[in-house]
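Hi there,

Here is the structure I promised to pass on to you. Please have a look at it first, and then read on for what turned up in it.

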Amino acid sequence: MTEAPSFSYDAGVALDLEGEPEFTSRDDSSIDHVEFNKCTGHEGQIPEICTIDKNDHCPVVSDYNQVETDVEDKHVPETLESHCSASSVSIQGINDEGDVYVVPKLGVEFDSEDHAYKCYNKYALMEGFSIRKDFINRSKVTGLVVSRRYTCHRQGYGSTKHDLNMNKPRKETRTGCLAHMTITRQPNGKYRVIHFETNHNHIFVTPLTAHLLPSQKRISFVEAVEAESSSNPVPYGVPKLGMSFDSEDHAYEFYNSYAGRMGFSVRKDYVNRSKIDGTVASRRYTCFREGYRQKDKRGFKVKRPRKETRVGCMAQLVISRQADGRYRATHFEEHHNHELVPACKVRTLRSQKRSSQTLESSASECSGMQPKSLADLLLTGVGAPDIFSCDPLDHEMILTSKHAWNIKQEEAASIHRYFQTKKLKEPSFSFSIQLDVEEQMTNFFWADEKMMVDYGDFGDVVCFDTTYCLNRDQRPLVLFLGTNNHRQVLVFGAAFLYDDTVQSFKWLFRTFIKSMAGRKPKTILTDQGSVISEAIVSELPDSDHRLCTWQVYQNTLKQLSEVVANSDSFASDLCGCFFNPDKEEFISSWKGLLDTYGLWENEWLHRKFELHEKWALSYGKHVFSADIETVLLSEDSITSFRKSLKPESHILQYVKHFGRVVNDWRYKELEANYDMGQQVPKLMGDIIMLKQVRDLYTPIIFELFHREYENFLNLVVNQCVDSASSVEYIVCSYGQVRGFEVLYTAEYDSVVCGCMKFQSVGILCSHALKVLDCRNVKIVPSQYILKRWTRDARA
């Protein structure tokens with residue numbers, strides 16, 4: 001029997017990403033068929049692997065995340081427990097096969113040879129053993145794999161002919177284990193299991209050490225590289241497993257820059273060069289306190305012994321050269337066993353002295369002197385470079401009065417330190433602080449990298465939410481909100497405003513736009529207020545400004561809280577009135593609301609109605625809003641978040657709780673993206689236009705479009721007026737007289753409807769679809785497919 005070489009992981013050697021070597025075909029008859037029963041090789045029982053008929057298929061878990069062990073909660077789902085009752089090891093997903101895990105059994109089929117290997121490897125991880133690619137049989141005509149066998153890593157016996165000449169003979173790992181899985185190619189192109197032996201003659205590893213097995217370490221690294229490559233990250237920030245570098249020097253500069261921010265120096269440790277061309281195959285960079293200094297042979301004769309600096313620190317970064325010439329991080333240890341150097345002394349470290357990115361610290365910082373004022377603190381910036389994103393202090397930045405809301409300076413200092421720490425960990429994190437006339441920290445703005453990315457993709461419409469400031473007992477939290485292509489809430493930025501003057505809002509809008517690389521929103525929706533309006537005119541003159549229907553609705557509920565408490569239907573009736581898309585119906589429902597609840601004498605409602613053209617949904621259709629007001633209305637988590645903010649809580653609790661809420665919203669987007677790839681929306685029929693938009697729109701947007709398409713089937717064209725360049729149609733519902741004017745221009749396939757749904761929401765209305773159908777236009781013209789609503793909105 002040909003011996004398969006064993007593999008071990010060395011941090012200093014480049015990994016073979018192709019896995020184990022292939023073997024030539026040989027007879028498989030040497031392995032006898034054994035009855036399938038429970039394995040007795042370790043403490044945890046291995047469930048019985050039952051044979052099935054060759055025409056049957058193994059059940060497939062459609063969502064592999066459902067069978068993944070939850071490390072946080074130590075919870076193993078039921079679908080996995082039936083296959084591995086003893087294992088609690090986290091299982092990596094299968095990337096290439098659409099996250100589908102097939103349980104290996106006799107007779108089951110896999111989509112490909114690689115799929116079979118990955119599934120068997122996952123099975124091995126759950127059981128506690130490693131696998132090896134054994135023989136392979138290829139077709140002499142096509143070169144395709146006809147059959148293949150995967151064996152336990154302890155299959156066969158190691159060679160002993162070289163052991164006598166070796167100073168340190170290798171540890172024997174082979175025990176002649178017969179556990180294996182053999183697959184053969186079927187006429188349909190899939191691979192079926194024809195032999196599956198589960199009995200092992202050795203002890204399994206424990207779940208805590210299963211990830212150290214050769215095949216598990218190899219697949220973990222490959223998946224880490226694929227995950228890092230798929231997201232195309234910029235190599236800046238904290239080193240990660242699988243991160244790619246253009247060159248060895250690039251990797252060193254990156255790690256040294258990271259070391260400067262953290263507070264340690266870098267030493268170039270061993271280097272492994274190719275024996276062929278002398279290029280660096282792998283290299284390790286370590287902390288300057290790595291290892292221990294050798295004892296001086298002179299002993300006590302040394303008059304001035306050098307100070308001991310090495311403490312055996314294990315922090316390091318290992319890179320290996322890949323086939324494409326780039327270098328990838330194959331090992332990264334983050335933790336140090338010593339204190340890190342403070343920011344003011346980082347530039348004294350050896351590697352930082354040599355770096356071109358030397359930290360610029362002032363003499364007062366190095367001598368331990370404190371800034372004279374908070375203004376000096378903001379200007380000098382204690383910590384890493386560029387830790388503050390605010391402009392240099394000037395007459396516009398500093399308030400000319402004392403802040404209006406009370407804030408404890410201890411809380412102000414704590415949130416300042418919190419933002420500094422976050423900036424050190426996340427260099428792209430942006431925050432800014434405004435001072436009042438007494439140089440007290442008053443207003444705080446912050447935005448992380450994900451918020452900036454979201455704004456870059458969906459920042460055309462922004463809702464400036466100030467509903468948290470309605471109650472003076474609450475924290476004055478204001479939010480910059482948006483909506484993504486799944487009609488889910490996004491947060492572009494947040495701020496605490498302890499002063500609500502025009503100066504504060506001007507500073508906030510200016511700071512927000514600066515942190516978003518100068519890009520201004522197309523539309524901004526705010527609450528009613530002359531102060532906010534004046535600030536927007538000053539800082540966002542080119543943006544369309546409308547009063548937000550959702551915020552007016554929230555304010556009205558608060559002002560009429562007694563009516564809400566005494567009536568179960570008032571809130572829903574008020575919502576139906578405010579969000580009514582028709583002008584005439586809005587006026588009618590408003591009068592009906594006042595009649596039903598006896599509110600004709602209510603001054604609050606009278607003042608709001610005087611401005612109804614600025615906030616009522618039916619009067620703002622000419623402004624693109626991405627339907628964000630309806631999205632905010634349906635987002636219950638915003639209301640629950642407001643209720644969870646208690647006045648007596650520390651300000652850091654607010655910030656951290658807010659971060660958890662934002663992460664929950666972001667996770668919903670991940671779920672929506674996953675579901676989008678797994679599910680295909682159903683069609684009402686074999687319709688060309690619906691097929692077109694189904695492949696373009698996200699499912700939730702396609703549902704809206706599908707609804708409009710269904711509605712157009714009940715519409716009729718009552719009038720058609722043809723002119724030289726365009727045609728005007730009157731489209732109305734069947735049996736009704738009132739309709740909407742739709743103007744169609746054949747030259748540009750342009751269709752404009754009086755309901756203005758496309759202008760406000762961004763999808764064609766049923767009236768426009770009716771006209772396109774009359775003109776025999778069977779696909780949606782490209783100018784009416786907004787990228788922000790498509791599956792590729794973030795591309």
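A word on terms before the findings: two residues are in contact when they have heavy atoms within 4.5 Å of each other. Among contacts in this protein between residues at least 6 apart in sequence, 61% join residues at least 24 apart. Please keep in mind that this is a predicted model.

First, the overall picture. The protein has 795 residues, and buried ones make up 48% of them. Its secondary structure consists of 24 helices and 23 strands. The accessible surface comes to about 40700 Å², and carbon and sulfur atoms account for 51% of that.

Next, the inside. The largest nonpolar core contains 121 residues, and Phe-444, Trp-446 and Phe-496 have the most contacts within it. Leaving aside residues up to four places away in sequence, Phe-496 touches a list of residues that includes Ile-415, Thr-442, Phe-444, Trp-446, Arg-475, Leu-477 and Tyr-654. Apart from this core lies another one, of 27 residues, with Tyr-117, Cys-119, Tyr-123 and Val-193 among them.

Seven strands form an open sheet in the order 13-14-17-16-15-18-19, and their pairing is mixed. At its edges are strand 13 (430–435) and strand 19 (544–547), each of which pairs on one side only. From one strand to the next, the twist averages 20°. Strand 13 is joined to strand 14 (residues 441–447) by six bridges in the antiparallel sense; for example, Ser-432 has Phe-445 in strand 14 as its bridge partner.

Helix 11 (residues 530–539) lies across strand 15 (461–465), strand 18 (523–526) and strand 19, and runs at about 165° to strand 18. Helix 12 (residues 549–559) also packs on the sheet, where it touches strand 15, strand 18 and strand 19. The direction of helix 12 makes about 20° with that of strand 15.

Finally, the cysteines. How many disulfides does a search of the whole structure find? The search finds zero. Cys-463 is in no disulfide, and the nearest cysteine sulfur, that of Cys-548, is 3.8 Å away, whereas a disulfide needs the two sulfur atoms within 2.5 Å. Cys-463 counts as buried because its relative accessibility is 0%. Cys-732 is buried too, with a relative accessible area of 2%.

Enjoy exploring it!

Best wishes

Notes
Residues are numbered from 1 along each chain as its sequence is written. This is a predicted model: local features need pLDDT of at least 70, side-chain atom pairs count only at pLDDT 80 or more; totals for chains, interfaces and linings use all residues. Side-chain values use heavy atoms; hydrogens and water are left out. A nonpolar core is a set of buried Ala, Val, Leu, Ile, Met, Phe, Trp, Tyr and Cys residues joined through side-chain atoms within 4.5 Å. Buried means under 20% relative accessible area, exposed over 50%, partly exposed in between (1.4 Å probe, protein chains only). Helices (H or I, at least four residues) and strands (E, at least two) are DSSP runs, numbered from the N terminus. Accessible areas come from the Shrake-Rupley method with a 1.4 Å probe; for residues, only the protein chains shown count as cover. Two strands pair if DSSP finds at least two bridges between them. Axes are lines fitted to C-alpha atoms, for helices over the stretch in contact, and angles run from 0 to 180 degrees between N-to-C directions.
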